[in-house]
Amino acid sequence: MTNDPSLKVRLRVRLAKPITSESKDLRFDFDGCPVTLKSQDPELTLKNSTWVVFGARGFISETEASAFGERLRLAVEIASFCSRLGVDAGQDRPTAFVDEEFAKAMGLVQPHERVRPNIHGLMLLPDDDLTRIPLINAEAKVTSSPDHLLGAIRELSGFPSSLSEQTSQGLQLLNAALMTNQPLAQLVLAFSAVEAMGQKEDWTAGQRKLLDDLATEVAANTAGTDDQESLEVAEALRRSLHRLGLRQGVVRLLGQLGLSTLKKEWDRLYALRSGVVHGTKRLDEPELNQLAMDTITLCAKVIIRTLQNDGVPVPAIANVHYQHITEDSAETIA
């Protein structure tokens with residue numbers, strides 16, 4: 001990307017609500033490296049911006065900088081989820097760009113300065129102060145304690161470099177649920193986080209044999225006939241085209257995670273969710289908000305257990321924001 005001997009990491013993310021701080025920047029260590037958190041707009045305090053930038057500098061290679069940046073992004077996603085905050089860490093795509101030649105011609109930047117797009121996510125830059133990035137500001141109303149988020153990130157120093165695809169997908173969907181203040185959207189996204197993980201499950205060897213036996217029996221019963229529909233059913237069974245249902249996948253997942261005791265609560269909340277979504281159950285606003293909160297807490301237990309299975313030291317703040325986790329000692333965060 002660049003031949004500069006030193007690089008810096010810039011991670012721009014959008015928070016569900018701003019940090020409760022009148023400061024323009026906060027500093028902390030992650031993986032032994034100093035990191036600065038600040039509003040993307042240098043004129044705004046953290047309390048007045050949902051778009052924030054995590055920065056770290058002094059990396060000697062692109063490989064080193066990129067690896068650190070990806071670990072920091074993952075730590076931010078986990079810490080934000082555990083802090084019940086919600087974050088969109090981006091897909092490394094620009095949200096704003098100004099042509100460099102135009103900017104210089106208009107006097108917006110100096111001749112020796114460079115212009116780079118405002119990336120939503122991770123980008124690497126020369127470790128100097130000559131890069132100019134167009135800004136987008138966001139208005140905020142509700143704020144969040146910086147101690148929760150930054151403390152959780154610090155606790156994640158040294159955690160495993162990667163998550164399973166299953167855990168990563170669930171984590172991103174749970175953060176998406178926390179990003180919205182609409183209870184219906186929270187319900188759909190939170191349940192989807194666990195359902196998506198359950199869809200990684202498949203039939204067992206015994207179930208596959210049963211499907212094959214059934215297919216053989218159906219085919220035998222239609223031998224010598226022109227029953228095309230039955231033959232199609234036999235072929236579908238033989239190919240095991242029927243994946244596990246959503247609930248089957250979730251039940252299987254809960255069992256593998258040692259969380260089978262959550263099945264009853266899952267069914268209760270999911271029944272309410274289905275009634276609300278399909279119009280057969282009416283809840284007033286407080287009831288709907290409570291349902292969304294309970295659903296996020298339930299699904300968080302599953303995400304947290306998968307994080308633990310991936311070797312992630314789940315930050316202690318999760319016990320504050322998902323306090324029901326500690327009710328059953330078998331489900332307490334290690």
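Here are a few numbered notes on this predicted model.

1. Ground rules first: in this predicted model, local features need pLDDT of at least 70 and side-chain atom pairs count only at pLDDT 80 or more, while totals for chains, interfaces and linings use all residues. Residues are numbered from 1 along each chain as its sequence is written, and side-chain values use heavy atoms, with hydrogens and water left out.

2. On the overall fold, the chain has eleven helices and nine strands (DSSP runs, H or I of at least four residues for helices and E of at least two for strands, numbered from the N terminus). Of its 334 residues, 45% count as buried, meaning under 20% relative accessible area with a 1.4 Å probe, protein chains only.

3. Helix 10 runs over residues 285–309, and its 25 residues should span 36 Å at 1.5 Å a residue; the end C-alpha atoms are 36 Å apart, so that agrees. (The expected span is 1.5 Å times one less than the number of residues.)

4. Both ends of helix 10 are worth a look. D284 caps the N-terminal end, with a side-chain oxygen 2.9 Å from the backbone nitrogen of E287. After the helix comes G311, with a positive phi near 85 degrees.

5. Which strand gives the most to the lining of the largest pocket? That's strand 3, with six residues. By class, the lining has eleven nonpolar, five polar and eleven charged residues; here Ala, Val, Leu, Ile, Met, Phe, Trp, Tyr, Cys and Pro count as nonpolar, Asp, Glu, Lys and Arg as charged, and the others, Gly among them, as polar.

Notes. Polar contact = N/O pair within 3.5 Å; in protein donor to acceptor, adjacent residues only side chain to side chain. Buried < 20%, exposed > 50% of the residue type's maximum accessible area, 1.4 Å probe, protein only.
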